[in-house]
Amino acid sequence: MASSMFDTLVRIDCTARKAAAVPVDARLKGYLGGMGYGTRILCDEVDPRIDPLSEKNKIILTVGPLTGTTAPMFPQACIVTKSPLSGTILNCYAGGFLGAEIKFCGIDGVVLEGAAPHWSLVLVEDGRVTFHDAMPVMGKSTTETEAYMKKKFGSDARTLSIGRAGEKAVAMASIFSETRTFGRGGAGAVLGSKRIKGMAFKGTKAVDVADRKAFQDLVSRNVDIIKAACADSHNLVGLFSRVGTGAGMGLVNSKGGMATRNHEYGVFPEGNEIDGWAYAKKFYTRAISCYGCPVHCGMLHKYRKRDTTESWLRGPEYETMFSLGSEVMNKDPVVLAEANQLCEDYGMDTLTVGVTIAWALEMGEKGILKDPGLKLAFGDSDAILGLIAKIGDREGIGDLLADGPKKSAEKTGKGSLASAMQVKNSGFAAWMPRRMKGVALAFATSNRGACHKRAPIGDEIMGKLDMDSYEGKAPIVKEIQDTVNAIFTFVACRFHEFVTPKDMYPAFLAAATGQKLTLPELVAVGERIWNLERMFNVRAGFGRKDDNLPDRCFEPIKGEASQGAVITHEAFDRMLDEYYAVRGWTSEGVPTPATLKRLGIEEKR
Amino acid sequence: MGTRFAFDFEKCTECRRCMADCAVVKTGVVRMADSRIDIVRGWPELPEMRVCRFDDCDGHPCIAACPVEAISENGGVVAIDRDACTGCELCVAACPHNAIRMNGGTAMKCDFCGGDPACVKACVTAAIAKAGG
């Protein structure tokens, strides 16, 4: 029977500069694809205690059953590796056209192993792998590196790259793909540790499905649902469709949940100067889609830089409007655009970069940190842009900051850790745990640190759940973590699930690959993956002590609209106990043997 | 009416649903090389939409360029007889809209899907539509 999966992975041995196609076995097949494949392979093959920047680490880049098909909103590719930022297992995602092109190569993903003897570019053509000299692009930006690869390998190649930050082992370095980003957790530094500056994919294979008629019917139904959502100006996805992910800043502000000034305040009064609507009004704006996506939330803007030269960028996204906007008290959309571009040039996660800079600015104002050339103060444009460059180059104070907010604070001391807004050294996303108690639990327990992708954000901010209540949040967070993990085996865009009935996922899977699972069985795959990740982290030394929030979260938010929202240690501990209980974990946060058995996870010695 | 597309390049989000659906309609599977339309990114400028202009093409130079008369026009639809095509690529070079691609050794182009183009149905923003339709 035809299938949308090729049941083939390509293992690339960077040390030997060789590659081999390997079949996907029945056991791995049970993990469906995407994040499932990546997690299973990493847990099987990588010792959790290794140095993530050693050649023992691996990068598993995968796609899923709907990638490269006509199903809408499945453009992304998934990377799983051990994070140099958090030290935990990491999964991260980039949209655009890379995912589909990997599938067009006739493969379900690649596993990068070892480390190349010298800096290389890797070309994957229909599953054939060749290594090429990267010297001409060393030190170059992600944009320049990818342009070089397209010139060298063909304009139709789909590319990924690292910038200088990835070359210099900056812990918040990302992997970029045509402006889309494997953002979180420092995957760029891992690719750099393998001396791979970039990769290009060129595929000519056809993607078929198991049941063409059933699949086409599902696609039509799903596209209609998404089109209806896009036409609805009260639907979040509909708003994204209009001006991008930055559409909702006003709503978050009105609820007093807009993280501002290193998370001290819950309202950024100048939000309407830098949100999606502001960019659409002030600058030339054109909507850009990822592969096959009817939502087109990516906005391309043309603008003039501070020095009046003409420029453009695709973005900023909402999370960056927070991290390089409200969090650092930057109300200038031009500075924000330049800051975003600078992160893109260096190849860094705008989130952890912005949060780390916000902490540094606060420490500057308190007299704890100094820089010879920059005035470390909130809202200082030169400081914001200057610190980005210094982090990317590991220059001066940037060398301290490049290791992440927690490590920077630990080295700095003087009580500065209390206001480093991170979990497991990964910078906070745009949300306020104090204002949204489900987010608090999700940030604290995320396997990759301070992650917003598996938090009940929509329901809390839209009022479907009482945002300030702790009650019942533990099972809700568990459910969303498991469900999102399950759909990340498909490598769905996170927004797909906002509008798509969940019963469509097993239906899509059956029509695409012939694998028949009920929805509860599918969610159980997500739970299995969550527990595999947790076991990896436990073996790496993580436990209850790390499922925590910085001290600032236990002080009231400033500003009227936030109503003094706060978390108490007692309530937080109770919520965490409840969460461990619903997960079937010990009070120290370790999955019990019975839980592992229930999930079909075999114990490793 | 006639055989013509209407384009709104500002509305094209470059999602390539038109290409994927074109390939599926023509071959049953997604394979971008089989698409009769090609969207070419030109960031930050607007994309190219490489597909036959039919009635809006001045003189159909592809027909004159073909040495074996494999290309013909019938009721506005310009079509290639791929069995007759020798793969010389002269039509590819002659097309002012870069709308003809080589595919498996012969030239390939849009045939307007018998008057109901799949790309038009696939486009959620109506960046490509049937003119007057």
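Q: In this predicted model, how far apart are the closest N and O atoms of the salt bridge that A:R286 forms with B:E14?
A: A:R286 and B:E14 form a salt bridge in this predicted model. A:R286 belongs to strand β13 (residues 284-288) of chain A and B:E14 to the loop between β1 (5-7) and α1 of chain B, so the pair joins two chains. The closest N and O atoms of A:R286 and B:E14 are 3.0 Å apart.

Q: Is A:R286 buried or exposed?
A: A residue counts as buried under 20% relative accessible area. A:R286 has 1% relative accessibility and therefore falls below that cut-off.

Q: Which residues do salt bridges with shared partners join into one network?
A: The pair of A:R286 and B:E14 belongs to a network built from salt bridges that share partners. A:E178 and B:R41 also form a salt bridge, with their closest N and O atoms 3.2 Å apart. The network consists of A:K150, A:R158, A:E178, A:R286, B:E14 and B:R41.

Q: How many salt bridges are counted between chain B and chain A?
A: Side chains of opposite charge can pair when their charged atoms come close. Between the two chains, A:R286 pairs with B:E14, and A:E178 pairs with B:R41. The count between chain B and chain A is three.

Q: Which element gives the largest share of the side of chain B that touches chain A?
A: Across the interface, twelve residue pairs are in polar contact. Two elements of chain B, α1 (17-27) and β3 (45-50), each give two or more residues to the side that touches chain A. The largest share, five residues, comes from α1(B).

Q: Which residues of chain B lose the most area to chain A?
A: The interface brings 24 residues of chain B into contact with 34 residues of chain A. About 2300 Å² is buried between the chains, and carbon and sulfur atoms give 57% of this area. Together accounting for 28% of what the side of chain B buries, the residues that lose the most area are B:R17, B:W43 and B:P44.

Q: How many residues apart in sequence are the parts tied together by A:R11 and A:E113?
A: A:R11 and A:E113 form a salt bridge whose closest N and O atoms are 2.5 Å apart. A:R11 lies in strand β1 (residues 8-13) of chain A and A:E113 in strand β6 (residues 109-113) of chain A, so the pair ties together parts of the chain whose separation is 102 residues.

Q: Where does A:K58, which forms a salt bridge with A:E113, lie?
A: A:E113 forms a salt bridge with A:K58, with the closest N and O atoms 3.1 Å apart. The two residues are 55 residues apart, and A:K58 lies in the loop between α2 (34-45) and β3 (59-62) of chain A.

Q: Which residue of β12(A) is the bridge partner of A:V122?
A: Strand β7 (residues 120-125) of chain A pairs antiparallel with strand β8 (residues 128-133) over six bridges. Six bridges also join β7(A) to strand β12 (residues 196-202) of chain A, and these two run parallel. In β12(A), the partner of A:V122 is A:M199.

Q: Which elements of chain A do the buried residues of α22(A) pack against?
A: Helix α22 (residues 504-513) of chain A is mostly covered, with eight of its ten residues buried. Among them are A:Y505, A:F508 and A:L509. The buried residues pack against α7 (212-231), α20 (473-488), α21 (496-499) and α23 (519-539) of chain A.

How values were computed. Residues are numbered from 1 along each chain as its sequence is written. Chains are lettered from A and ligands numbered from 1 in the order in which they are written. This is a predicted model: local features need pLDDT of at least 70, side-chain atom pairs count only at pLDDT 80 or more; totals for chains, interfaces and linings use all residues. Side-chain values use heavy atoms; hydrogens and water are left out. Two strands pair if DSSP finds at least two bridges between them. Helices (H or I, at least four residues) and strands (E, at least two) are DSSP runs, numbered from the N terminus. Contact means heavy atoms within 4.5 Å. Buried area is the accessible area (1.4 Å probe) that two parts lose on being put together, summed over both. A salt bridge is a side-chain nitrogen of Lys or Arg within 4 Å of a carboxyl oxygen of Asp or Glu. A polar contact is a pair of N or O atoms within 3.5 Å; within protein, one must be able to donate a hydrogen and the other to accept it, and residues adjacent in sequence count only if both atoms are side-chain atoms. Buried means under 20% relative accessible area, exposed over 50%, partly exposed in between (1.4 Å probe, protein chains only).
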